[in-house]
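Here is a briefing on helix packing and sheet layout. Keep the structure open while reading.

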Amino acid sequence: MKHLEYFQQQLDDLKQQGQYRQFKQGISSQPYLQLNGIEMLNLASNDYLGLAANLQLREEFFDLTPLAERQMSASSSRLLTGNFPAYEQLETSMAQVFGRSVLLFNSGYHMNIGILPALADSKTIIIADKLVHASIIDGIRLSNASYVRYRHNDLEHLQQLLVKYQADDNIQRIIVVTESIFSMDGDETDLGALVALKQQFDKVMLYVDEAHAIGVRGERGLGCAEEYQVIDQIDLLVGTFGKALASVGGYLVCHPLIREYLINSMRPLIFSTAQPPICMAWTHFIFQKMQ
């Protein structure tokens, strides 16, 4: 069939380019794993603290969680009949620690493809670091906003762009997007300097992804924003539970008005079946351990 020939050619091209992907057998988050019959040290996992592989933690969690509370499916979006107590308990605990409102998401990918399209319109411009994660790029492309990229970690280049678009009467909102610790390179944004720059421009909202910092940076593990004492100055502080916190899902720390707006406008949140409540209970358990 002609269509299948096309896709076969695309796969052949990927193989020639060394970009062909396939699932590997026997791979897990364990510290050691078998790959092609060879025992190897696992440095590819996001389980930075080894919590996902910690049997003692899992046993403690199940000892503390009655069978009736081990809900394996929400069977609904949160806005219909899927808003189980486990979600609100986790959001409340995180809000108390971060000092701002918190909203949960099914994954970091859902989070990053949903927030920006909900908040950005045709009078918005998004200015993103050149090396932000693919999920953020997808979120930018799904939005109605224009966007430009600034050179990686180059705040002078960012400042030039901010001066330009702050003066543009057709632009009502500028959203600056970066990661705190970059997923592929492992280098770090100067959040203190970035926040100071943001405060010079009244059109700017700051979006910082802490997926690779939550749980491993800051006195209480709240990320680089805690370490540099700028949590309150970041409009949209996002992160994930699927790395150091050994679970699954994403979160947003923000103003309560933004939280309410997203509940009413963010399509991946509105139209997705919610996380299994047991996953949220496990995340809550790990988050409290982190504190």
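This is a predicted model: local features need pLDDT of at least 70, side-chain atom pairs count only at pLDDT 80 or more; totals for chains, interfaces and linings use all residues.

Residues are numbered from 1 along each chain as its sequence is written, and side-chain values use heavy atoms, without hydrogens or water.

**Sheet**
- An open sheet of 7 strands runs in the order S3-S9-S8-S7-S6-S4-S5, with mixed pairing (strands pair if DSSP finds at least two bridges between them).
- S3 (101–105) and S5 (146–150) stand at the edges with a single partner strand each, so one side of each lacks a neighbour in the sheet.
- The twist averages 20° from one strand to the next.
- S4 (residues 124–129) pairs with S5 in the parallel sense over 5 bridges.
- Ala128 stands opposite Arg149 in S5.

**Helices on the sheet**
- H4 (residues 108–119) packs on the sheet, and its direction makes about 160° with that of S8.
- H4 touches strands including S3, S4 and S6 (173–179) (contact means heavy atoms within 4.5 Å).
- H9 (residues 256–263) lies across S3, S7, S8 and S9, at about 30° to S3.

**Helix pair**
- H3 (residues 85–98) and H11 (residues 277–290) pack at about 25°, with axes 8 Å apart.
- H3 and H11 are therefore roughly parallel (angles under 35 degrees).
- Among the residues that meet are Tyr87 and Leu90 in H3, and Met280 and Phe287 in H11.
- The contact of H3 with H11 divides into 10 nonpolar, 5 polar and no charged residues.

Note on methods. Axes are lines fitted to C-alpha atoms, for helices over the stretch in contact, and angles run from 0 to 180 degrees between N-to-C directions. Helices (H or I, at least four residues) and strands (E, at least two) are DSSP runs, numbered from the N terminus. Angles under 35 degrees count as roughly parallel, over 145 as roughly antiparallel, 65 to 115 as roughly perpendicular and the rest as oblique. Ala, Val, Leu, Ile, Met, Phe, Trp, Tyr, Cys and Pro count as nonpolar, Asp, Glu, Lys and Arg as charged, and the others, Gly among them, as polar.
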